[in-house]
Amino acid sequence: RALQRGVPGAPCARHFSFPPTVTSEQIEHLHRRFKQLSRDQLTIRKENFDSIPDLEFNPIRGKIVHAFFDKRNLRQESDGLADEINFEDFLTIMSYFRPIEMNMDEEQLDRFRKEKLKFLFHMYDSDHDGKITLQEYRNVVEELLSGNPHLEKESARSIADGAMMEAASICVGQMGPDQVYEGITFEDFLKMWQGIDIETKMHVRFLNMETIAHCY
Amino acid sequence: MFLLLPFDSLVVNLLGISITVLFTLLLVFIIVPAIFGVSFGIRKVYMKTLLKIFQWATLRIERGAKEKNHPLYKPYVNGIIAKEPTSLEEEIKEIRRSGSGKALDTPEFELSDIFYFCRKGIETIMDDEVTKRFSAEELESWNLLSRTNYNFQYISLRLTVLWGLGVLIRYCFLLPLRIVLAFTGISLLVAGTTVVGYLPNGRCKEFLSKHVHLMCYRICVRALTAIITYHDRENRPRNGGICVANHTSPIDVIILASDGYYAMVGQIHGGLMGVIQRAMVKACPHVWFERSEVKDRHLVAKRLTEHVQDKSKLPILIFPEGTCINNTSVMMFKKGSFEIGATVYPVAIKYDPQFGDAFWNSSKYGMVTYLLRMMTSWAIVCSVWYLPPMTRQPEEDAVQFANRVKSAIARQGGLVDLLWDGGLKREKVKDTFKEEQQKLYSKMIVGNHEDRSRS
């Protein structure tokens with residue numbers, strides 16, 4: 001029914017590598033949301049995210065917004081940041097949060113999980129060099145703790161340092177006194193998330209589940 | 001005067017005949033199939049017809065609204081995505097526990113802590129509170145129940161007539177029919193189980209008991225016009241196991257019990273419920289607790305364990321959420337049933353809200369009001385999936401096992417896997433909560449850190 005109507009400006013669902021479980025109705029919902037954020041323009045810039053009041057309270061809003069413009073997340077060949085994104089890019093970012101499907105096999109599940117973890121990895125790795133260095137780690141911790149005005153920078157820093165050392169010991173084991181830990185690579189990052197079934201938690205679900213297909 | 005008398009008796013005769021015909025039809029088309037567990041497929045045809053009518057009605061409303069330039073309200077004013085009002089602490093604890101096993105009281109920042117804020121941020125970007133009130137374009141399909149539609153204004157004569165007809169059919173035809181069926185079902189259950197209870201224990205008693213139970217539940221299913229699709233029936237629970245399902249309404253029991261023979265667990269109530277419970281337990285060993293015993297967790301666990309270990313006894317049916325949830329999500333499972341050590345057979349139940357909202361909000365409606373609402377809806381359409389059995393692994397504790405089962409159920413039913421306690425459904429999450437989140441998080445990490453450096 002929704003497809004017959006057609007929404008001007010919304011690309012057809014077939015262009016995306018979306019699984020069939022994302023319905024055209026859900027894409028329409030997202031398109032409406034996109035139009036609202038972009039104020040009826042075809043692209044969104046960083047400033048457009050300022051119009052979301054609830055996002056104010058999120059300590060890592062900078063990183064989240066940044067993630068939308070990160071070319072690595074947008075699956076583009078080049079590196080760096082895009083200035084503006086269109087609806088297709090918006091959907092690409094949203095696809096990192098799609099829920100798990102019932103008929104996925106081991107390999108697909110693994111790929112699915114890696115994609116989501118890569119998204120989180122890119123949030124930490126702000127200089128795009130493929131490693132989370134101590135400075136970047138400190139950066140994230142400081143932002144997360146920025147809600148507390150009484151916290152001194154020193155404390156945040158020492159917490160970050162402690163966590164980084166912990167991470168190093170998980171990834172590399174015992175280090176010699178001269179060894180310098182370069183940074184957490186993506187493989188190490190994966191190791192640290194072992195046992196956490198992120199694929200069942202890192203998703204946003206649409207409320208009206210289409211059960212009609214199942215019910216008869 | 002003369003003319004009235006024969007007319008009167010004519011009317012009486014007609015009435016008598018029509019009632020007889022009605023009852024015969026009832027018997028043949030509803031009760032007899034229920035006894036034997038077959039179906040004529042009438043309900044499915046009914047459902048398809050209804051869907052066509054709903055679609056037509058929705059198109060009429062949309063067309064009418066466009067012509068008159070009315071704004072349409074989206075019926076799901078709670079938003080397009082399922083937001084999880086989980087507490088920050090709960091969720092971080094949960095992730096940490098499944099990861100490195102560090103609790104929140106050991107300090108330090110964990111790599112996975114970023115996840116909570118990231119997801120919250122994306123949720124806000126996708127959908128926030130401000131935007132949901134109006135939708136200019138589309139309406140969800142309207143099911144001709146004015147209780148679910150805020151847009152019902154006088155749009156067209158045809159639509160109003162249809163709606164009025166719907167009300168007439170539902171209240172004057174379907175409702176009495178359903179009440180009669182329900183009454184029949186319940187009285188047959190009580191009578192049947194009492195009679196079977198007098199038989200000596202043995203194969204005959206079990207056989208009869210099973211069929212009496214099944215028959216009566218099937219009649220009740222027809223009393224609600226429930227159209228149920230069962231999937232994967234080869235995974236149905238066996239003796240000595242525990243059947244675990246998500247809970248949306250008291251009807252869940254009827255839905256599951258009409259397809260399988262279970263031992264129920266619950267508290268003895270007074271009144272009609274109590275009569276039914278006492279009768280049922282005569283025919284087969286259900287596990288009923290007195291109110292005082294319910295509080296004693298060890299006693300409960302002991303009785304359940306005894307029941308499961310006896311392989312001749314039926315599988316137990318338990319709803320571990322502890323309360324009715326609105327069927328868009330699955331909340332925290334209470335761990336009691338998972339500590340017993342029996343095989344768990346998870347079952348996912350998902351209702352289709354188009355035909356009638358089956359969720360029982362016990363703080364809003366009492367049981368009788370709820371049943372009346374159910375009986376005046378068009379139908380109750382749902383799907384039941386029997387998932388493969390699960391057992392507790394040696395390195396898991398009861399809580400982890402419970403969460404594993406919960407995830408499996410949520411995944412199958414397309415429900416959101418939530419972490420919080422269903423008891424919170426009566427309170428609304430406050431707005432200041434959001435601002436406190438960051439402060440709370442930093443207090444959690446820093447406070448602990450300071451304690452640690454002090455000690």
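**How to read the views.** Residues are numbered from 1 along each chain as its sequence is written, while chains are lettered from A and ligands numbered from 1 in the order in which they are written. In this predicted model, local features need pLDDT of at least 70, side-chain atom pairs count only at pLDDT 80 or more, and totals for chains, interfaces and linings use all residues; side-chain values use heavy atoms, with hydrogens and water left out.

**View 1. Chain A as a whole.** Chain A has ten helices and four strands. Helices (H or I, at least four residues) and strands (E, at least two) are DSSP runs, numbered from the N terminus. Read from the N terminus, the order is α-α-β-α-β-α-α-β-α-α-β-α-α-α. Chain A holds 216 residues, and 48% of them count as buried. Buried means under 20% relative accessible area, exposed means over 50%, and partly exposed lies in between (1.4 Å probe, protein chains only). Take the contacts in chain A between residues at least 6 apart in sequence: 53% join residues at least 24 apart. A contact means heavy atoms within 4.5 Å.

**View 2. A:Asp125 in its loop.** A:Asp125 sits in the loop between α5 (106–124) and β3 (131–132) of chain A. Is A:Asp125 buried or exposed? A:Asp125 counts as buried because its relative accessible area is 0%. Its side chain reaches the backbone nitrogen of A:Asp129 at 3.4 Å. That is a polar contact: a pair of N or O atoms within 3.5 Å, where, within protein, one must be able to donate a hydrogen and the other to accept it, and residues adjacent in sequence count only if both atoms are side-chain atoms. Set aside the neighbours within four places in sequence, and A:Asp125 is in contact with A:Arg72, A:Gly130, A:Lys131, A:Ile132 and A:Glu136.

**View 3. A:His122 in helix α5 of chain A.** A:His122 lies in helix α5 of chain A. Its relative accessibility is 10%, so A:His122 counts as buried. Beyond its neighbours within four places in sequence, A:His122 is in contact with A:Asp70, A:Arg72 and A:Asn73. A:Arg72 is also one of the contacts of A:Asp125.

**View 4. Two residues with positive phi.** Most residues other than glycine have a negative phi. A:Asp40 has a positive phi, near 65°. A:Asp40 is in the loop between α2 (24–38) and β1 (43–44) of chain A. With a relative accessible area of 62%, A:Asp40 is exposed. In chain B, the phi of B:Asp232 is positive too, near 55°. B:Asp232 is in the loop between β3 (226–231) and β4 (241–245) of chain B. At 34% relative accessibility, B:Asp232 is partly exposed.

**View 5. Chain B as a whole.** Chain B has 13 helices and eleven strands. Of its 455 residues, 49% are buried. Among the contacts in chain B with a separation of 6 or more, residues 24 or more positions apart account for 78%.

**View 6. Helices α5 and α8 of chain B.** Two packed helices are described by the angle between their axes and the distance between the axes. Helix α5 (residues 157–197) of chain B packs against helix α8 (residues 271–283) of chain B at an angle of about 35°, with the axes 7 Å apart. Axes are lines fitted to C-alpha atoms, for helices over the stretch in contact, and angles run from 0 to 180 degrees between N-to-C directions. Residues making this contact include B:Ile186, B:Leu189 and B:Val190 of α5(B), and B:Val275, B:Ile276 and B:Ala279 of α8(B). Several residues of α8(B) are buried, among them B:Gly274, B:Gln277 and B:Met280. The buried residues of α8(B) pack against α5, α6 (203–223), β5 (263–267) and β6 (287–289) of chain B.

**View 7. B:Ile219 in helix α6 of chain B.** B:Ile219 is part of helix α6 of chain B. B:Ile219 is buried, because its relative accessibility is 0%. How far apart are B:Ile219 and B:Gly185 in sequence and in space? They are 34 residues apart in sequence and 5.4 Å apart in space, C-alpha to C-alpha. Leaving out neighbours within four places in sequence, the contacts of B:Ile219 are B:Ile31, B:Ala34, B:Leu181, B:Gly185 and B:Leu188.
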